[in-house]
Amino acid sequence: MKAYKNILELLDLLKLKGMVKSLDEIIGEAEAERFSYLTLLHALLQAEIAYRAHRRYQRNMASAHFPVPKSLEDFEYGRVKGITKANVAQLLDFRWLDNHENILLFGPPGLGKTHLSIGLGMKAIEAGYTVCFEKIVNLIKLLKTQEIQRTAGFRIKRILRSDLLIIDEIGYTPIDRREANLFFNLVSELYEKKSIIITSNKGFETWAEMMGDGVMTTALLDRLLHHARVFNLNGESYRIQKNREEEK
C-alpha cells in the first residue's frame with residue numbers, strides 16, 4: 001500500500017495526471033491479464049497521451065470562442081447551392097490549413113455560412129489545429145482596444161498564434177476608415193502564415209464602399225484571394241423556410 005501511495009505521489013510530482021487517473025484501472029487489468037512490464041508501461045503511457053490530447057482539445061475549444069457548437073453532419077447541403085457535401089469533405093483533409101489558404105463564404109443571410117465556418121473550425125480543432133472565432137464587430141473592437149485593455153491584447157495575441165481565424169458577418173455593419181485600416185493590418189500580418197475563413201453577405205464589388213477606401217480594399221482582397229477557395233452560396237433562407245413550414 002505504501003508503494004502504491006509513493007507511485008501516486010511521484011506521478012503527481014511529475015504532473016502525469018493521465019496516469020494518475022487511469023492507474024487503478026490499468027493495474028487491475030494488468031493483474032487480470034498478466035501484463036508484461038513493457039505492456040503495463042505502454043498502457044500507462046497511452047493513458048497519459050490520451051489524457052493530454054483530451055485536455056488540449058478542451059482548451060482549444062474553449063479558447064476558440066464559438067458562439068454555439070455546429071456540426072457539419074447537421075448541415076442541409078441539398079437546400080443550398082454553391083457548396084456540396086463533397087466540397088466540404090475535401091476541405092476536411094486540411095491541406096488548405098497546412099498551406100495557409102483561406103476559405104471565403106459569400107451569400108445572403110440564412111444559408112448557413114456561420115454554421116459551415118463553425119463546423120469546419122470544430123473539425124480543425126479535432127484534427128489538432130488551434131482556432132479563433134470572432135464576429136467582425138467584436139474583432140474590430142479588439143483591434144481598437146488591444147493597446148489599452150489587457151484582455152483585448154491577450155485575445156489578439158491568441159489570434160496571431162492560432163492556425164485558423166474565422167471572421168463572421170462581414171458586411172452587416174459599416175466599417176469606418178480607421179477600423180478598415182486596423183483590419184487590413186491584421187490580414188496582412190496573417191497573410192501566408194495562417195488561414196482565414198470569412199463569411200460575408202456582401203460581394204467583392206461592394207467591399208470598397210463598405211470600407212471607405214478603394215485602394216486599401218483592393219490590397220486587402222489581393223491578400224485574401226491570393227490563396228483562397230471561394231464559395232458563393234445561393235438558396236432560400238433557412239429561417240424563412242422554417243417559418244413557412246411552421247405556419248402550415
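Q: Where is aspartate 74?
A: In this predicted model, aspartate 74 sits in the loop between helix H3 (37-64) and strand S1 (80-81).

Q: Is aspartate 74 buried or exposed, and why?
A: Aspartate 74 is exposed, because its relative accessible area is 56% and exposed means over 50%.

Q: How far is aspartate 74 from glycine 119?
A: They are 45 residues apart in sequence and 9.3 Å apart in space, going from C-alpha to C-alpha.

Q: Is phenylalanine 94 buried or exposed?
A: Phenylalanine 94 counts as buried, at 5% relative accessibility.

Q: And histidine 100, what is its phi?
A: Histidine 100 has a positive phi near 60°. Histidine 100 belongs to the loop between H5 and S2, and is partly exposed, with a relative accessible area of 30%.

Q: On to the cores. How many residues are in the largest nonpolar core?
A: There are 30 residues in the largest nonpolar core. Leu139, Ile167, Phe183, Trp207 and Met211 have the most contacts inside it.

Q: Which element gives the most to this core?
A: H9 does, with six residues.

Q: What does methionine 211 touch?
A: Leaving out residues up to four places away in sequence, methionine 211 touches Ile175, Asp176, Arg177, Ala180, Phe183, Met216, Thr217 and Leu220.

Q: What is in the second core?
A: The second core is separate and has 29 residues, including Ile103, Leu111, Tyr129 and Val131.

Methods: Residues are numbered from 1 along each chain as its sequence is written. This is a predicted model: local features need pLDDT of at least 70, side-chain atom pairs count only at pLDDT 80 or more; totals for chains, interfaces and linings use all residues. Side-chain values use heavy atoms; hydrogens and water are left out. A nonpolar core is a set of buried Ala, Val, Leu, Ile, Met, Phe, Trp, Tyr and Cys residues joined through side-chain atoms within 4.5 Å. Buried means under 20% relative accessible area, exposed over 50%, partly exposed in between (1.4 Å probe, protein chains only). Helices (H or I, at least four residues) and strands (E, at least two) are DSSP runs, numbered from the N terminus. Contact means heavy atoms within 4.5 Å.
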